[in-house]
Amino acid sequence: MTSKDAMFFNCSEKHEVEQVCRKYENPEAVRAFIKQKAAEGVIKYWTHDKLYAFLAENGFKAAPRPEKMTMAELAARIQEKCGISRSEAEKFVSVFGDCLEDALVAGESVTLTGFGTFKVVDQAARKGRNPQTGAEIDIPARKAVKFAPAKALKEAVANS
């Protein structure tokens, strides 16, 4: 159980209701159900775990989590689409990753037309807070990798 699940759910807070609804196959129905049960006084201040169990008991199914593709799965798809051996596809994925890393470490940006651009950005030093103690801390400046998807990729994902 995460610390978020142990926290109390407040059905009068819209952002908390939305956070819960997004986790289910039919968020509109979950939203209406929570609103109805809150009006009846059934749900007020529950832990997230108790709310999730209550929704499951009432027939609501959690939305499937998005799949994550591993390097091995990517190599298998490349093998399938290109008609090359599995070892060649795995070597391609590995070499591609190495070349991308080498270019970024050298400070270059990498543009794959129709896919997007990888580039290194400098993040300035800033103040932050320790989430456990609330104490202010200094976060040092650092370099980070930024990916900017191409218009074609954005449209393909939006239309999927």
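## The model

This is a predicted model: local features need pLDDT of at least 70, side-chain atom pairs count only at pLDDT 80 or more, and totals for chains, interfaces and linings use all residues. Residues are numbered from 1 along each chain as its sequence is written, and side-chain values use heavy atoms, leaving out hydrogens and water.

Helices and strands are DSSP runs numbered from the N terminus (helices: H or I, at least four residues; strands: E, at least two).

Helix 6 covers residues 86-105, which makes 20 residues. From first C-alpha to last it reaches 29 Å, close to the 28 Å expected at 1.5 Å a residue. The expected span is 1.5 Å times one less than the number of residues. Glycine 107 follows helix 6, and its phi is positive, near 90°.

Which residues of helix 6 are buried? They are Ala89, Val93, Leu100, Ala103 and Leu104. Buried means under 20% relative accessible area, exposed over 50%, and partly exposed in between (1.4 Å probe, protein chains only). An α-helix has 3.6 residues a turn, so residues three or four places apart point the same way. On the other side of helix 6, Ser87, Lys91, Asp102 and Val105 are exposed.

## What helix 6 packs against

The buried residues of helix 6 pack against helix 5 (71-82), strand 3 (110-112), strand 4 (116-123) and strand 7 (142-149). Contact means heavy atoms within 4.5 Å.

The axes of helix 5 and helix 6 come within 8 Å and cross at roughly 120°. That makes helix 5 oblique to helix 6. Angles under 35 degrees count as roughly parallel, over 145 as roughly antiparallel, 65 to 115 as roughly perpendicular, and the rest as oblique. Axes are lines fitted to C-alpha atoms, for helices over the stretch in contact, and angles run from 0 to 180 degrees between N-to-C directions.

## Helix 5

The end C-alpha atoms of helix 5 are 16 Å apart, which agrees with the 16 Å its 12 residues should span at 1.5 Å a residue. Just after helix 5, glycine 83 has a positive phi of about 70°.

## Helices 2 and 3

Helix 2 (residues 14-21) packs on helix 3 (residues 27-39) at about 135°, with axes 9 Å apart. The two are therefore oblique to each other. Val17, Glu18, Val20 and Cys21 of helix 2 meet Pro27, Val30, Arg31 and Ile34 of helix 3.
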